[in-house]
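Please prepare a short briefing on the structure below, with attention to its charged pairs, its fold and its surface, and state the cut-offs behind each term.

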Amino acid sequence: MSSEPGRQKRRLKRPRLSRRRAPQAAAPVDDIDASLRRPGVSVSSGPIEQPREENPIVPPRSVAGRALLVLVAIMSFLSCLSVASVSVVSDRARGWERQIAAEVTIQVSVTGGHDVAQSMARAEEIAEATPGVLSAEPVSEKDSKALLEPWLGSDFDPVELPVPRLIAVRLGGNVDLSSLARQLRDEVPGASLDDHGVWLKRLARMAQAITFAGLGIVALVMTATALCVVFATRGAMAGNKDVIEVLHFVGAEDSYVAGEFQRHFLVLGLKGAGLGGIAAIALFAILSLIGGVEGPTPEEAQLRSLLGGLTIGPPAYIGSVITVVAIAVIIAATARSTVRRTLSQIG
């Protein structure tokens, strides 16, 4: 066995081909759909994004928010009561003014040595002949005594007192009262005309005083509510100071942050003021219902004659609605101005 010199036998290794498994055919679409329809199998086409919850700057529910809601409701209730009181008193005052202005009184003195009966008859004739006068009726001595009983009692003797005789004159239009007074003074001894001007002035001053007092109370209540909103806004900003500062320094406009607070406190103001207004309106309806019931006692009759049965008219209801809206607007405006002023200090 010969071999070539310098040549070595080499064993050539043939590369081993690995047997690869043939790729399986893709499953039919129908089979995939069938597998997806099997119970207990859930397949998603991609990552499911969970809905992100909003993180408002002002927490919608907090202890301070609930306390402020109750406070606003109480303030709104008191404001509506004040507005209704002003409305009732003003309405009654106008009614009293109309009643007083629609009637004047002729007084005939019983002293002076003149014939009282003749003077009464002549004064009645002059009054009835005056244009614009509807009627002139003498007031009897019994009725005059009844008018004085609340001050003098029922045991006094009218003869012992120089009580003038009265003639009630009803007016139906424009009457020249100065001319009537001058004619009575010239033609009837001891006669004078009382146009109740003093009482009308006193009644007008009383109505104005009550109106100003009621409006002052409403203004004080709204001022107190605004101050409470200022403290509540500052507290909310202090509780979210980091978030507000980050928004402020990354370029968020002050109007955006202020708008968030304004929206929050506007909703809160509408809720609180609405609750107070509804409670006040319900009270008005109950008082009107009770006032319409006629009682048997004289005290109830006097109260009905004074306040008209405690009937609360439409102006009180309209004023209550306007008060509710005004309180909500004041709360929102106060919150916005407080936020902008605080942000300007941060900047």
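The structure holds 5 salt bridges, each defined as a side-chain nitrogen of Lys or Arg within 4 Å of a carboxyl oxygen of Asp or Glu. This is a predicted model, in which local features need pLDDT of at least 70 and side-chain atom pairs count only at pLDDT 80 or more, while totals for chains, interfaces and linings use all residues. Residues are numbered from 1 along each chain as its sequence is written, and side-chain values use heavy atoms, with hydrogens and water left out.

**Salt bridges**
- R122 pairs with E125 at 3.3 Å, N to O; the two lie 3 residues apart in helix α3 (residues 116-128), about one helical turn, where helices are DSSP runs of H or I with at least four residues and strands are runs of E with at least two, numbered from the N terminus.
- R122 also forms a salt bridge with E187, with the closest N and O atoms 2.5 Å apart, and this pair links distant parts of the chain, since E187 sits in helix α5 (residues 177-187), 65 residues away.
- The side chains of D91 and R92 meet at 2.6 Å, N to O; D91 is partly exposed at 34% relative accessible area, whereas R92 is buried at 13% (buried is under 20%, exposed over 50%, partly exposed in between, with a 1.4 Å probe and protein chains only).

**Fold**
- The protein has 10 helices and 4 strands, and 29% of its 347 residues count as buried.
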